[in-house]
Amino acid sequence: MEEQQPVPERRSAGTRGPGPAPGHAIDRRAELSEFLRSRRARLKPEDVGLPDFGRHRRVPGLRREELAQLAGVSVAYYTRLEQGNGQNVSGEVLGAIASALRLTDAEQAHLTHLAKPKQHRKKPSVRQQRVRGALCRLLDTMDGVPAYLVGRRSEILAWNRMAAAVFGDWSQLPPQERNWARLVFLNPDYQALYMDWDQKASDIVSYLRMDAGCHPDDPRLSALVGELSVKSEEFRRLWARHDVKEKSHGVKRLHHPLVGELSLSFETFTLPDDAEQSVVAYHAEPDSASAEALRLLASWGTDATRAGSSAPELQ
């Protein structure tokens, strides 16, 4: 099990994508504008009980005046908000707009972060994400259960032996590469590992979008998004969709190089004292082929984890 150490982000030259330029913070006002436009475009008039005049419509989805009518605000007020000017918007108005746009809870939280950001220091903190020693020991005691700790920017902060056996020995990677976004979009081994790679890729981008809404001035996050936008066409496409999602639970189908197909359910547990860190634990249905495969991986020990390592003692 390893702890992620902060290192400078790599920057790459190439074709610019929809992400921020290298060295620049994410533009919160542009994010707000593009997010509202994208959510409005996905709604059809019939979805919200409005008449559809078919060929006379010049824009996809709802018009601004239709959305403003549904939310109970003036067209001018909503237009200012969609142009990125959310300084004086109230929580009640944001709630009405979220309801009119049929936003999910995660999307409404993202809208609030963009429109009414928390006050940050002029020079944003890039403090190291710390992992409690007790949490490391807890991961180690989860015998037969692949589990890892993920933090901001999709960084993999710590993991146990079974996580290394299933997902690869992250201790063999440079610290800056222990990042789910980089692994999924830039490492061919992970494109082969995930049988539902498209869904995994979409989830990762949606998590990063939520992070960007909370921390638009995070230079390491901006550098990560900029790098992936340059290097991955698929990342650029997904980032431009402005989808957001919070980590939760589900099922992942993997094609493991040693034991073949695995179907693993996962649960995400956000730490009570640090909402930016979550433990993700996987398990297989009892008596299933996947459960037997996990037992095989556990019995192979270091042969399966390719040496592995243990985390340093932290306070």
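# Exercises on a predicted model

Helix α1 has these buried residues: Arg-28, Glu-31, Leu-32, Ser-33, Phe-35, Leu-36, Ser-38, Arg-39 and Arg-40. Keep the structure in view as you work through the exercises.

**Exercise 1. Find which helices are among those that cover the buried residues of α1, and describe α1 itself.**

Solution. 
- Start by locating α1: the helix runs over residues 28–41, which gives it 14 residues.
- Next, check its span. From the first C-alpha to the last, α1 reaches 20 Å, close to the 20 Å expected at 1.5 Å a residue.
- Now look at the start of α1. There, a side-chain oxygen of Asp-27 comes to within 3.1 Å of the backbone nitrogen of Arg-29.
- Finally, look around the buried residues of α1. Their cover includes α2 (64–71), α3 (75–82), α4 (91–101), α5 (105–115) and α10 (197–214).

**Exercise 2. Work out how α5 and α10 are arranged: roughly parallel or roughly antiparallel?**

Solution. 
- Begin with the geometry: α5 and α10 pack at an angle of about 30°, and their axes lie 8 Å apart.
- Apply the cut-off: angles under 35 degrees count as roughly parallel. Therefore α5 is roughly parallel to α10.
- Then name the residues that make the contact. From α5 come Ala-106, His-110, His-113 and Leu-114, while α10 supplies Arg-209, Met-210, Gly-213 and Cys-214.

**Exercise 3. Say where Arg-102 and Ser-154 are found, and look at the phi of each residue.**

Solution. 
- Take Arg-102 to begin with. Arg-102 sits in the loop between α4 and α5.
- The phi of Arg-102 is near 60°, a positive value in a residue other than glycine.
- Move on to Ser-154, in the loop between β1 (147–150) and β2 (156–159).
- Ser-154 is not a glycine, yet its phi is positive, at about 65°.
- One more step for Ser-154: its relative accessibility is 8%. Buried means under 20%, so Ser-154 counts as buried.

**Exercise 4. Decide for His-249 and for Ser-278: buried or exposed?**

Solution. 
- Look for the neighbours of His-249: not counting residues up to four places away in sequence, His-249 touches Phe-266 and Glu-267.
- Now place Ser-278 in strand β5 (residues 274–283).
- With 6% relative accessibility, Ser-278 counts as buried.
- Leaving aside residues within four places in sequence, Ser-278 is in contact with Tyr-148, Leu-149, Val-150, Thr-268, Phe-269 and Thr-270.
- The side chains of Ser-278 and Thr-270 are also joined by a polar contact of 3.4 Å.

**Exercise 5. Step back to the whole protein chain: how many helices and strands does the chain have?**

Solution. 
- Count the elements: the protein chain has 14 helices and five strands.
- Consider burial next. Of the 315 residues in the protein chain, 50% are buried.
- End with the contacts between residues at least 6 apart in sequence: 64% of these join residues at least 24 apart.

Notes: Residues are numbered from 1 along each chain as its sequence is written. This is a predicted model: local features need pLDDT of at least 70, side-chain atom pairs count only at pLDDT 80 or more; totals for chains, interfaces and linings use all residues. Side-chain values use heavy atoms; hydrogens and water are left out. Helices (H or I, at least four residues) and strands (E, at least two) are DSSP runs, numbered from the N terminus. The expected span of a helix is 1.5 Å times one less than its number of residues. Buried means under 20% relative accessible area, exposed over 50%, partly exposed in between (1.4 Å probe, protein chains only). Contact means heavy atoms within 4.5 Å. A polar contact is a pair of N or O atoms within 3.5 Å; within protein, one must be able to donate a hydrogen and the other to accept it, and residues adjacent in sequence count only if both atoms are side-chain atoms. Axes are lines fitted to C-alpha atoms, for helices over the stretch in contact, and angles run from 0 to 180 degrees between N-to-C directions. Angles under 35 degrees count as roughly parallel, over 145 as roughly antiparallel, 65 to 115 as roughly perpendicular and the rest as oblique.
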